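Colleague: I would like to learn how to read salt bridges in a model. Can you take me through some cases?

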Amino acid sequence: MSDLKRPEMILVLDFGAQYSQLIARRVRENNVYCEIWPFNTPLGKIAALRPKGIIFSGGPASVYAPGAPRLDKKIFELGIPILGICYGMQLGALLLGGRVSPARSREYGHTQCRILNRTGLFAGLPPHLTVWMSHGDQVSKISGHFKPLARTETSPYSAIKHRKLPFYGVQFHPEVAHTHQGSKIIRNFLYTICKCSGQWRMKSYLTEAVNRIRQEVGSGKVVCGLSGGIDSVVTAVLIQRAIGRHLTCIFVDNGLLRQDEAKEVIRIFRKNLSIKLIFVDATERFLKKLKGVIDPEKKRKIIGHKFIEVFKAASQQLGRVDYLAQGTLYPDVIESGGAASFEGEPRPDVASGRGPTARIKSHHNVGGLPAQLKFKLVEPLKYLFKDEVRRLGRALELPDEFIKRQPFPGPGLAVRILGKITPERLAILRRADAVVREEITRSGLGDRLWQYFAILLPVSSVGVMGDERTYENTIALRIVESTDGMTADWARLPADLLQKISSRITGEVKGINRVVFDITSKPPGTIEWE
Ligand code: XMP
């Protein structure tokens, strides 16, 4: 990162936990900036980041397992307060002379915890707390160097504190909503222990981001891929604020957009923003390559590669270009297995393209493009979650038309058509999807929904229309609530609304005789079906 003054920050060291990103959110919700780095980030780098505090995340391993993630014990000598959560606590205790063993019975779910010391980390909390546990191992012996802070029936050391070093550990997960007052515990860590000042706001992030881009890019020329979604628009506007006319946006229609989407995006963009825009209609080229392909990852790869090709050709018309701006968000980085660069250099443990988190889907806006184009990368949103990008969009005074747009995946309708992608099937899905959008907008419920869309299934079933037997396709409705897309729940919509959507689709969309409603949360489902 540049030598520009960094905001006060908390560093989360990630040991492969499902919840690392939640920890980061909780910290930022408390007005302290936070970044997640891999557990094996070199000590020198950690010191250079100058965090006010460090949080060791949980992780799936057992501390004694061969190859279990470890870290340099010298981290405890940096004088920076550290909070270890679950695996992070066990590792800290082990490195500082305690012992970890398998628990008699695995603690999982809600557990009652007795607080033994209601100061510091637990200041202002009641003597008994319901906490969320998920562990097989536990700290079984603490050397004389530690003090117990909390216990449960089966775990004598549910929370500990080192007597001399600023190390605290909690066996439970304060970051999940199931732990009552978990946010208060995190707040105590931030304010009482790390002495954070809590100055971080979206407005300050905006100023810092613009300054950082200006410093990084200087008088270089930047090209930005625009999808019409909020991420790429916020990226473009931030960069324009920083470097003005040195930015050009390229909008590629891959033929997989929603009904009238390309026209609409260009209209809103030209009306509201004075940024140079190149539009490329590459529908034919994408659909030709996708012909006959049914495997979801293959579809994503093809679309990713084609996009690179088209984008490359378009950017070559611009003469010299130095930087590529991408609206990569934090969940894209996490769910693609952490394969993103950090300030131009690969993160230590993701040089192999893998972070500690498992790959769920290859989100096509991560990786690929920069290597092919040999541009340097600017990704001003890569530590933000979607709701934070919306707040940043508001701080940038973008119109609601952008801010309220539903997230739409890079591979577009290709991952909402299960099976083969043909112009006919695209047309069916577009019409059904337009009905869903119209009805949700009309109901006024759109604001509380994360996404609402249709999926075309490769399933035909028997129906009856008039006196005729039909044998046609099925549309699934995916309508979910979420704050960041990392977890989601299906929306409990009024039956009348669902009825209206269903009868309009079966009545208006030729080729569909059945509509089903997806009632799967994420996890275990993902939001998109592919
Ligand atoms: P999943 O399906 O992984 O989706 O639960 C989480 C959120 O990410 C969006 N999504 C994508 N966005 N490129 C994107 O820019 C992609 O390849 C991609 N795949 C999924 C999805 O719409 C949801 O909001």
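**Reading salt bridges**

Modeller: Start with one pair. In this predicted model, Lys 500 and Glu 439 form a salt bridge, with their closest N and O atoms 3.7 Å apart. The cut-off is 4 Å between a side-chain nitrogen of Lys or Arg and a carboxyl oxygen of Asp or Glu, so this pair counts.

Colleague: Which parts does the pair of Lys 500 and Glu 439 tie together?

Modeller: Lys 500 lies in helix 15 (residues 495-508) and Glu 439 in helix 14, so the pair ties together parts 61 residues apart in sequence.

Colleague: Is Glu 439 buried or exposed?

Modeller: Buried, at 4% relative accessibility. Lys 500 is partly exposed, at 36%.

Colleague: Which residues are linked with Lys 500 and Glu 439 in a network?

Modeller: Glu 438, Arg 442, Arg 504 and Glu 508 join those two in a network of salt bridges.

Colleague: How many salt bridges does a search of the whole structure find?

Modeller: It finds 28. One of them pairs Glu 401 with Arg 267, at 3.2 Å from N to O. Glu 401 sits in helix 13 (residues 400-403) and Arg 267 in helix 7 (residues 261-272), so parts 134 residues apart in sequence are tied together. Glu 401 is partly exposed at 31%, and Arg 267 is partly exposed at 38%.

Colleague: Where do Asp 447 and Lys 404 lie?

Modeller: Both lie in loops. Asp 447 is between helix 14 (423-443) and strand 17 (451-465), and Lys 404 is between helix 13 and helix 14. Their side chains meet at 3.5 Å, N to O. Asp 447 is exposed at 61%, while Lys 404 is partly exposed at 42%.

Technical notes. Residues numbered from 1 in each chain as written. Predicted model: local features only at pLDDT ≥ 70, side-chain atom pairs only at ≥ 80, totals over all residues. Heavy atoms only, no water. Helix = DSSP H or I, 4+ residues; strand = E, 2+ residues; numbered from the N terminus. Buried < 20%, exposed > 50% of the residue type's maximum accessible area, 1.4 Å probe, protein only.
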